[in-house]
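Visitor: Hi, I'm new to this one. Could you walk me through it?

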Amino acid sequence: MISLVRQPSTGITLSDVVLRKKHSNPFQPRSFLPSLSREKKPQKSSLVSMPNPLHLAPIAVGNFRRNDMVKCKSYEADKSEVEGDAGGGGKTQSEAAKKAKMGIYFATWWGLNVVFNIYNKKVLNAYPYPWLTSTLSLACGSLMMLISWATRIAETPKTDLEFWKSLLPVAVAHTIGHVAATVSMSKVAVSFTHIIKSGEPAFSVLVSRFLLGETFPVSVYLSLIPIIGGCALAAVTELNFNMIGFMGAMISNVAFVFRNIFSKRGMKGKSVSGMNYYACLSILSLAILTPFAIAVEGPQMWAAGWQTALSQIGPQFVWWVVAQSVFYHLYNQVSYMSLDEISPLTFSIGNTMKRISVIVSSIIIFHTPIQPNNALGAAIAIIGTFLYSQVISTHHLFFNFFYSFL
């Protein structure tokens with residue numbers, strides 16, 4: 001029970017309150033507060049008037065036997081806290097604001113991702129050099145963040161050598177996953193790439209089981225059946241199937257699983273925001289990718305392809321390249337910022353819905369031909385991904401609840 005008193009002092013400790021046993025009333029606490037109806041006598045009052053009320057809360061209560069003690073402590077309360085306790089309006093407003101913020105994050109995340117995939121595919125259709133395209137995406141994001149730090153638009157992260165060491169394996173996995181996904185999109189339709197990438201949870205479970213020794217309940221393994229089956233059905237019924245595109249999406253799945261594992265291990269105890277974490281990741285990935293991009297494709301191929309693209313598309317091709325680079329960084333940055341604000345389960349559900357929006361929008365914009373069996377496979381895979389997110393979250397919640405009692 002919490003008592004609210006509006007005659008506070010800077011600190012009060014009420015002990016020595018004895019519960020005396022009477023014949024008429026077994027429990028009669030001694031009055032320890034001045035009566036509010038009586039007039040104050042200045043010569044006997046030692047209370048100091050303050051604008052904020054005090055909460056008086058018992059912190060230890062005996063079994064109500066003779067000579068048991070009831071100890072109380074007090075703390076100064078803000079006006080908003082008192083009003084919130086009285087009406088509960090502050091809590092409701094806070095929850096509504098949080099939901100609105102999550103909605104804005106999700107809408108921005110999905111919208112930016114859809115725009116990136118559209119421009120990325122348009123660039124790759126006219127300029128089939130995925131290694132350079134991937135490099136430009138990371139370079140643009142790195143430049144944007146360096147300018148933001150220099151102009152103090154964004155807070156500069158406090159990093160050290162240990163931080164960059166822990167970030168290195170994350171950056172390697174991120175670089176491989178990013179290039180592999182871009183190579184896949186240069187060979188097949190955007191929708192097909194994202195259908196295959198919806199199978200990432202299956203790789204996550206397999207890697208965790210056989211390489212990390214983590215065990216899962218049967219329900220988790222059962223949830224992988226529609227994911228694997230749906231991806232397989234979509235692949236065999238794809239009209240424009242390409243093995244390089246298929247393998248690129250598969251390699252991207254594995255790489256991003258390892259990226260997530262390394263991120264969890266490397267970021268323990270680090271106080272870097274999601275936005276700055278992804279910025280540092282982009283800078284390190286750019287340093288890793290640049291020499292490989294030069295070795296695989298090279299400036300001569302880039303220059304010849306650039307002239308061809310400009311002659312076919314015109315000056316707007318330059319804006320396509322800028323748009324795909326900027327939107328790539330923005331959608332990834334918002335996704336990392338979202339992960340700071342929401343639970344992993346909500347994030348995984350949002351990621352599933354993001355893939356649906358990308359698949360549907362790309363089919364509409366690029367007029368991608370799709371067979372009924374192909375659409376059925378995509379739907380099964382996406383539904384399986386959603387079921388997996390539900391089952392795996394229940395599994396983690398159960399074990400967290402169980403270990404809290406150990």
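Visitor: How many helices and strands does the protein have?
Guide: The secondary structure comes to 13 helices and 6 strands. Helices (H or I, at least four residues) and strands (E, at least two) are DSSP runs, numbered from the N terminus. This is a predicted model, where local features need pLDDT of at least 70 and side-chain atom pairs count only at pLDDT 80 or more, while totals for chains, interfaces and linings use all residues. Residues are numbered from 1 along each chain as its sequence is written, and side-chain values use heavy atoms, with hydrogens and water left out.

Visitor: Okay, what share of the residues is buried?
Guide: Of the 406 residues, 42% count as buried. Buried means under 20% relative accessible area, exposed over 50%, and partly exposed in between (1.4 Å probe, protein chains only).

Visitor: Which helix is mostly covered?
Guide: Helix α5, residues 190-197, is mostly covered, with 8 of its 8 residues buried. Among them are Phe-192, His-194 and Lys-197.

Visitor: What about the largest nonpolar core, how many residues are in there?
Guide: That core has 29 residues. A nonpolar core here is a set of buried Ala, Val, Leu, Ile, Met, Phe, Trp, Tyr and Cys residues joined through side-chain atoms within 4.5 Å. The residues with the most contacts inside the core include Trp-149, Phe-163 and Tyr-331.

Visitor: And which helix gives the largest share of this core?
Guide: That's α9, with 9 residues. Another core, of 11 residues, lies apart from it, and Val-123 and Trp-320 are among its members.

Visitor: Switching to rings: how many aromatic pairs are found in the whole structure?
Guide: The search finds 12. Rings of Phe, Tyr and Trp (its six-membered ring) pair if their centres lie within 6.5 Å; planes under 30 degrees apart count as stacked, over 60 as edge-to-face and the rest as tilted. Take Tyr-127 and Trp-306: their ring centres are 5.9 Å apart and the planes sit at 90°, so they are edge-to-face.

Visitor: Where do Tyr-127 and Trp-306 lie?
Guide: Tyr-127 is in the loop between α2 (89-126) and α3 (130-150), and Trp-306 is in helix α10 (residues 299-313), so the pair ties together parts 179 residues apart in sequence. Tyr-127 is buried at 2% relative accessible area, whereas Trp-306 is partly exposed at 26%. Ring pairs also link Tyr-127, Tyr-129, Trp-306 and Phe-317 into a cluster.

Visitor: Which ring does Arg-209 lie over?
Guide: Arg-209 lies over the face of Phe-210, 5.8 Å from the ring centre. A charge sits over a ring if NZ of Lys or CZ of Arg is within 6 Å of the ring centre and within 35 degrees of the ring normal. You'll find Arg-209 in helix α6, residues 200-210.

Visitor: Last topic: how many salt bridges are there?
Guide: The search of the whole structure finds 2. A salt bridge means a side-chain nitrogen of Lys or Arg within 4 Å of a carboxyl oxygen of Asp or Glu. One joins Glu-162 and Lys-165, with the closest N and O atoms 4.0 Å apart. They are 3 residues apart in helix α4, so about one helical turn separates them.

Visitor: What does Glu-200 form a salt bridge with?
Guide: With Arg-355, the closest N and O atoms being 4.0 Å apart. This pair links distant parts of the chain, with Glu-200 in helix α6 and Arg-355 in helix α12 (residues 344-366), 155 residues apart.

Visitor: Are Glu-200 and Arg-355 buried or exposed?
Guide: Glu-200 is buried, and Arg-355 is too.
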